[in-house]
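This report describes selected residues of the structure shown below.

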Amino acid sequence: MIGRQSAVHADHIQASIAGSDAAHSALVASWRRSLQLHHLDPAERKAPRRLTEGELRDARQRMEQMIRAAEASLNRLYLAVGGVGCCVMLADRDGIPVERRGAVADDETFDEWGLWTGTVWSEDSEGTNGIGTCIADQRALTIHRDQHFFSRNTLLSCTTAPVYDHEGNLAAALDVSSCRSDLTEGFVQLIAVAVGDAARRIEAENFRMVFSGARILLAPVAERSAGALIAVDSDDLVIGATRSVRLALGITRETLAKGLLAADILGDPAKAEDLDDAERGALQRAMARAGGNVSAAAQNLGISRATLHRKLARFSIRRPH
């Protein structure tokens, strides 16, 4: 019976690839890559490849910071979906899950299916699947049951979203997988929303960790999401931007290297170029930090007390009482 089902599934994939569907369907395009580029057989029954303990340890070390950034979001996502027989996995950009959340009662089943840390889910290894195809296409997607390339994976439902690093490069894939047969389309859509939101939270937390010494501001882009962030240094120069901001505003590594004023992004470039305003702001900040103590503020600014008094008078800055 299993052999017959595998043959039917393989025939369906072959027929879809042979037709014109690949030109219009991202799914069939992935099937074509799996068959013709990666030379995989959809009827293959061999279990997924797994890393050795040492290889997995090395993979986890390379993802150490991203794992830390993802911890709270993985826990929150698992609380939302774990009760309905799903597991949550964070995979590296090679398609290898390095962190996982799942119910102990389901561990044996998920381990048998390869929904476990150290299993290789890249598209060139497992054909069309949630993690591997998400990484290959760099987009959020769901691969539901017989959309998988291998017949042996057609009982799985996998919803995955890409996770980008602080420079906008693909760094990981966040996945929720299940082997339940009663997952409805509506519930899968809810999972997809939850996975996408969690992926953006992971990106934002990783961004804050990388730029821990900078001010983190929400950029005024069309999609005002919590992940549209910029990092600004003490000179009000933008030193980092998340992927959504880079795409929306055309920010590149070269743009940042040349120097980008935060005011140019936040909408007041003229003010940023006014030296008087810049000096006034520096004086006000120095006085605030010194609690209104002119002597302490002058010392912090590296000027004399008399000079500071003249500057305060010039800009009509009053000492706080």
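## Loop residues with positive phi

In this predicted model, H39 lies in the loop that runs between α2 (26-37) and α3 (53-62). Its phi is positive, at about 55°, although H39 is not a glycine. H39 counts as exposed because its relative accessibility is 65%, and the cut-off for that class is over 50%.

Q138 is located in the loop between α7 (130-137) and β3 (141-144). Here too the residue is other than glycine, and phi is positive, near 50°. With a relative accessible area of 40%, Q138 is partly exposed.

## T160 in strand β4

T160 belongs to strand β4, which comprises residues 157-164. Its relative accessibility is 2%, so T160 counts as buried. The side chain of T160 forms a polar contact with the side chain of D175, at 2.7 Å.

When neighbours within four places in sequence are set aside, T160 is in contact with G130, I131, C134, R139, A140, L141, A173, L174, D175 and V195.

## V232 in strand β7

V232 is placed in strand β7 (residues 229-232). A relative accessibility of 1% means that V232 counts as buried. Apart from neighbours within four places in sequence, the residues in contact with V232 are A214, R215, L217, L237, V238, I239 and A262.

The C-alpha atoms of V232 and L247 are 18 Å apart in space, and the two residues are 15 residues apart in sequence.

Definitions and conventions: Residues are numbered from 1 along each chain as its sequence is written. This is a predicted model: local features need pLDDT of at least 70, side-chain atom pairs count only at pLDDT 80 or more; totals for chains, interfaces and linings use all residues. Side-chain values use heavy atoms; hydrogens and water are left out. Helices (H or I, at least four residues) and strands (E, at least two) are DSSP runs, numbered from the N terminus. Buried means under 20% relative accessible area, exposed over 50%, partly exposed in between (1.4 Å probe, protein chains only). A polar contact is a pair of N or O atoms within 3.5 Å; within protein, one must be able to donate a hydrogen and the other to accept it, and residues adjacent in sequence count only if both atoms are side-chain atoms. Contact means heavy atoms within 4.5 Å.
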